[in-house]
Amino acid sequence: MKLKQEKKVMLALLGAMALSLLTGGILVSGSAAAALLFVAAGVVLFFVFIAYNFSHWRCPHCGEYLGWDLGKGIPFCPHCHQRLDK
């Protein structure tokens, strides 16, 4: 996958995690079992995000890990200094 697609997948994982944790927080006053289920799903999604980040957020040229920068992106690999948008 290209880095733009990898970034979209990671942002989708973060969004799903946030939505799950928020839903669990809202449901605490209602059903504790449902709230616990959503919070557990959010925690699992957090660990899936971490694993996905370390295994897929890599330079396509040298294969080194690109770090935690998911903002606007980084134009060059910090290790081999090749352009990442190609």
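**A close look at E64 and beyond**

Reply: Leaving aside neighbours within four places in sequence, E64 is in contact with W57, R58, C59 and H79, where contact means heavy atoms within 4.5 Å. Before going on, note that this is a predicted model: local features need pLDDT of at least 70, side-chain atom pairs count only at pLDDT 80 or more, and totals for chains, interfaces and linings use all residues. Residues are numbered from 1 along each chain as its sequence is written, and side-chain values use heavy atoms, with hydrogens and water left out.

Back to E64, which sits in the segment after α2. Helices here are DSSP runs (H or I, at least four residues; strands are E, at least two), numbered from the N terminus. E64 counts as partly exposed because its relative accessibility is 38%; buried means under 20% relative accessible area, exposed over 50%, and partly exposed in between, with a 1.4 Å probe and protein chains only. Now look at C77: E64 and C77 are 13 residues apart in sequence, yet their C-alpha atoms are 8.4 Å apart in space. G63 is also found in the segment after α2, and G63 and C77, 14 residues apart in sequence, have C-alpha atoms 9.7 Å apart. With 31% relative accessibility, G63 counts as partly exposed.

Phi of H81 is near 65 degrees, a positive value in a residue other than glycine. Most residues other than glycine have a negative phi. H81 is exposed, at a relative accessible area of 57%.

Next, go back to helix α1 (residues 3–27), where you'll find S20. S20 is buried, because its relative accessibility is 7%. Not counting residues up to four places away in sequence, S20 touches F38, V39, A41 and G42. The S20 side chain also reaches the backbone oxygen of F38 at 2.5 Å. That is a polar contact: a pair of N or O atoms within 3.5 Å where, within protein, one must be able to donate a hydrogen and the other to accept it, and residues adjacent in sequence count only if both atoms are side-chain atoms.

T23 lies in helix α1 as well, and a polar atom of the T23 side chain is 2.8 Å from the backbone oxygen of L19. T23 is partly exposed at 24%. Between T23 and L37, 14 residues apart along the chain, the C-alpha atoms are separated by 9.9 Å.

Finally, check out the surface. L21, V39, V43, F46 and F47 make a nonpolar patch of about 410 Å², with the largest share, 4 residues, coming from helix α2 (residues 32–56). Patches are made of residues with over 30% relative accessible area and no salt bridge, joining like charges within 9 Å and nonpolar side chains (Val, Leu, Ile, Met, Phe, Trp, Tyr) within 5 Å. A salt bridge is a side-chain nitrogen of Lys or Arg within 4 Å of a carboxyl oxygen of Asp or Glu. The areas come from the Shrake-Rupley method with a 1.4 Å probe, and for residues only the protein chains shown count as cover.

The structure holds 2 aromatic pairs. One of them is F46 with F47, edge-to-face at 5.4 Å centre to centre and 70 degrees between the planes. Rings of Phe, Tyr and Trp (its six-membered ring) pair if their centres lie within 6.5 Å; planes under 30 degrees apart count as stacked, over 60 as edge-to-face and the rest as tilted. F46 is partly exposed at 36%, while F47 is exposed at 54%.
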